[in-house]
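Please read these notes beside the sequence and the coordinates. They are set out as numbered points.

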Amino acid sequence: MIDKAVSEAVKAVCNEDGMDETYRSALEALIENAMLDSLDPSDIDDLLDQITVESIADED
Amino acid sequence: MKIRITDWRCENLRIGEGTESFELGDPPARWSLIQMPNGLGKTSTMTLIRAVLGGEELSTEKVRGFRANDDVDTGVFELGLLIEGRRGGSPKNYRLTINFDFKNGSYQYSTLRSEERGGGRELGLVLPPDLKHILKSEFIRLFVFDGELARDIRRDLNKAAADRAIRTLYQLDDISALQQRVSYAVTKRQEALERTSGKTKRGVSRHQKLVDGAKTQLTKLENTLRKKSSSYSMLEEERDKVGEDIASHMARNGNLEKRWKQLNDEADDLAGDIQSLTGQAIQTFRNPATLSSAITARLTALGATLTRARLPKSVSSDFFGEVADEGECICGRPIGSAERVILRERKEQYLAQDQISAIATMKDRLNTSVATETSFLESCEILQEKLEARQVNETAMARLKLEAEERGDDDMRPLRKRESEIKIELATLEKEIEHLQTADPVKQRAHQCTEKTNIPLARRYHEECKATLNEVKDSYRLSRQRDILLDQLQRIEKIALTDLREVIREETNCRLETLVQMEDLRVERIDGVLELSSNKTSRKDDVSEGQSLSVAYAFLTALLSKAPFELPFIVDSPAVSLDLDVRKEVSSVIPELFDQMILFVISSEQAAFAENFYEREDTRFITLRQTANGCVETRYGLEEFRRQSADGEIT
């Protein structure tokens with residue numbers, strides 16, 4: 001379990017960025033696993049894949 | 001996670017008599033007061049507890065400094081811990097040991113986990129991974145605490161930074177480390193891309209231009225092909241029309257018609273023969289045995305060798321599979337389950353039935369086909385004859401047309417001329433179309449085709465450009481996803497630190513209200529440092545020794561009590577520098593601040609400090625005293641503790 005302050009910070013940042021609950025939960029799990037020294041590198045890839053970015057065409 | 005110290009023991013060290021054991025109870029008492037006169041090893045004990053918890057590196061001089069006397073060559077310090085995991089469960093015992101070799105000044109850490117299966121002594125410190133991040137020297141100093149330095153803690157915290165303590169204890173450093181791991185993971189993924197190292201917006205634009213250019217070129221070539229194919233069709237139609245006109249003119253010239261018809265029939269037959277012979281020659285070319293007598297001889301020899309060696313052998317993986325299924329081997333020995341497993345594993349090393357069949361077919365072809373095949377040279381010779389015959393036929397037709405012209409057919413000349421022109425134009429177009437559309441790599445090389453001149457190559461180049469563009473886009477997308485995640489982690493770290501500062505500041509101030517009642521001393525801000533204020537001044541930098549110590553304890557206890565880890569608090573000389581009034585205040589408050597406290601005191605700290613523990617039930621009193629003959633004795637119990645006088649003698 002991560003500290004309440006960290007958990008609240010995750011919630012605040014996700015709310016501000018409009019991330020959904022699935023993402024918030026995955027981000028919190030990622031931080032927790034990093035703190036427990038049991039991070040699987042694929043967890044980082046999975047979380048990155050959940051971040052939606054505008055395509056370059058949209059941006060142009 | 002909860003950590004308790006159960007005991008420690010030493011052998012041949014400068015602590016007490018040299019070999020001592022300190023038992024704090026089972027379970028360990030909440031408060032342990034260890035009274036040791038100066039010079040009996042308080043500092044060494046504190047140093048060794050810090051070293052063994054943090055796996056500190058020790059200099060040769062430091063190692064030799066622990067040596068009890070010159071008569072001993074080795075020494076041991078062992079610390080007993082009781083650790084309860086984050087997810088609960090029964091606590092586990094750990095024994096952390098330092099073995100010293102005083103002769104060469106070396107040392108070795110080891111761990112004994114008695115409750116581990118097959119538990120034995122393991123080299124190094126083997127503690128739960130959750131603890132790794134807090135068991136760093138700098139942080140250990142906060143809970144294995146030198147009370148004599150307490151007056152300086154606020155100043156030291158200014159330098160060492162309160163933030164660092166918060167960051168360590170609440171693992172905010174792990175969020176920083178996570179950012180590095182995210183960057184590394186993205187870099188590795190981008191490096192794994194086969195086609196490109198481009199990962200920027202500029203790279204995307206550049207590759208988009210390449211795709212657009214390749215697409216334009218492909219379209220241009222396809223349009224050219226369409227035009228040339230159309231021209232070719234029109235010319236073919238015209239050629240047929242001219243051919244018909246020539247035939248009709250021939251028909252007007254009596255005996256020429258018959259010869260014309262014969263030559264045309266002959267031309268049709270030759271065209272059919274040439275087509276079929278070309279196919280046959282290609283087929284023959286694919287059979288190595290027909291290429292040359294030398295190759296034929298070697299293949300025949302190979303076939304003979306296979307026959308002579310009786311290859312492929314009939315033994316196959318199927319055979320071993322069948323043997324494995326039988327109760328006994330063909331030699332009569334019984335086959336048990338172990339043999340069966342080995343047979344089934346090893347049968348894969350042998351040829352399977354389909355592989356044997358393929359080799360048998362090859363051998364059969366080698367032995368039988370050579371004699372029956374038409375050689376490549378023979379095929380070429382026949383084809384050559386037909387090509388020459390066609391040449392003769394074409395010459396005869398041309399002569400016949402000339403003859404018709406000579407007989408006064410004025411239309412024949414322009415028809416013949418046009419026929420000849422069409423033939424050249426068609427040949428040119430055919431060649432150009434082949435350049436444009438051939439997918440045969442041999443022809444492409446022969447024509448020196450490139451993606452600028454050949455449609456299949458242009459199409460492939462376009463596909464490659466698109467694939468590369470997609471990779472660059474993926475890479476760029478990954479960079480942006482990384483940036484977003486890194487930004488979020490930075491903000492999380494910052495918000496959490498700000499919140500934790502505030503929580504700890506408030507908690508520290510609550511404690512200060514009790515500890516410093518004469519003045520409304522408050523921590524105004526924790527921003528790397530502790531900024532104090534009071535009801536008398538908005539910024540207070542000059543605090544008394546007692547106030548400084550109070551701030552130190554209030555901050556440390558607030559920090560540790562709110563942490564996700566319950567740590568023991570070990571302090572050396574907690575009250576030695578305090579006057580009696582402050583001692584009373586401190587001793588009435590700090591016992592409640594920790595679940596386990598180990599206090600090293602000297603006899604002068606009994607007054608107004610240690611005596612406040614006399615009535616507390618869960619307290620262990622240990623007294624080391626020096627006897628008249630110079631020996632050191634360890635006594636347990638309150639009575640012995642109280643009897644210790646200021647010079648270390650029992651009163």
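1. Basis. The model is predicted; local features need pLDDT of at least 70, side-chain atom pairs count only at pLDDT 80 or more, and totals for chains, interfaces and linings use all residues. Residues are numbered from 1 along each chain as its sequence is written, and chains are lettered from A, with ligands numbered from 1, in the order in which they are written.

2. Contact between the chains. Chain B gives 33 residues to the contact and chain A gives 24 residues, where two residues are in contact if their C-beta atoms, placed from the backbone, lie within 7 Å. On the chain B side, at least two residues each come from helix 6 (172-191), helix 7 (201-251) and helix 16 (455-515). Helix 16 of chain B has the largest share of that side, with 17 residues. Helices (H or I, at least four residues) and strands (E, at least two) are DSSP runs, numbered from the N terminus.

3. The residues of chain B that touch chain A comprise 18 nonpolar, 3 polar and 12 charged. In these classes Ala, Val, Leu, Ile, Met, Phe, Trp, Tyr, Cys and Pro count as nonpolar, Asp, Glu, Lys and Arg as charged, and the others, Gly among them, as polar.

4. Helices 7 and 16 of chain B. The axes of these two helices come within 9 Å and cross at roughly 160°; axes are lines fitted to C-alpha atoms, for helices over the stretch in contact, and angles run from 0 to 180 degrees between N-to-C directions. Helix 7 and helix 16 of chain B are therefore roughly antiparallel (angles over 145 degrees). The crossing of helix 7 of chain B with helix 16 of chain B is left-handed, that is, the near helix is turned anticlockwise from the far one by less than a right angle, clockwise being right-handed. Their contact has 14 nonpolar, 6 polar and 6 charged residues.

5. Helices 1 and 2 of chain A. Helix 1 (residues 4-17) and helix 2 (residues 21-35) of chain A pack with axes 10 Å apart, at an angle of about 145°, and the crossing is right-handed. Helix 1 of chain A contributes A:V6, A:S7, A:V10, A:K11 and A:C14, and helix 2 of chain A contributes A:Y23, A:R24, A:L27, A:E28 and A:I31. By class this contact has 6 nonpolar, 1 polar and 3 charged residues.

6. B:L415. This residue is in helix 14 (residues 412-437) of chain B. B:L415 counts as buried because it has 20 C-beta neighbours inside 10 Å; the cut-offs are 20 or more other C-beta atoms within 10 Å for buried, 12 or fewer for exposed, and in between for partly exposed, with C-beta atoms placed from the backbone. Leaving out residues up to four places away in sequence, B:L415 touches B:V242, B:D245, B:I246 and B:H249. B:D245 is 170 residues from B:L415 along the chain, yet their C-alpha atoms are separated by 7.6 Å.

7. Backbone details worth checking. The peptide bond from B:D26 to B:P27 is cis, with omega near 0°, and B:P27 lies in the loop between strand 2 (20-23) and strand 3 (31-35) of chain B. B:S573, not a glycine, has a positive phi near 50°; B:S573 sits in the loop between strand 11 (569-572) and helix 18 (580-589) of chain B and is buried, with 21 C-beta neighbours inside 10 Å. B:A608, also not a glycine, has a positive phi of about 65°. The loop that holds B:A608 runs between strand 12 (597-601) and strand 13 (619-626) of chain B, and B:A608 is partly exposed, with 19 other C-beta atoms within 10 Å.

How values were computed. Parallel < 35°, antiparallel > 145°, perpendicular 65-115°, else oblique.
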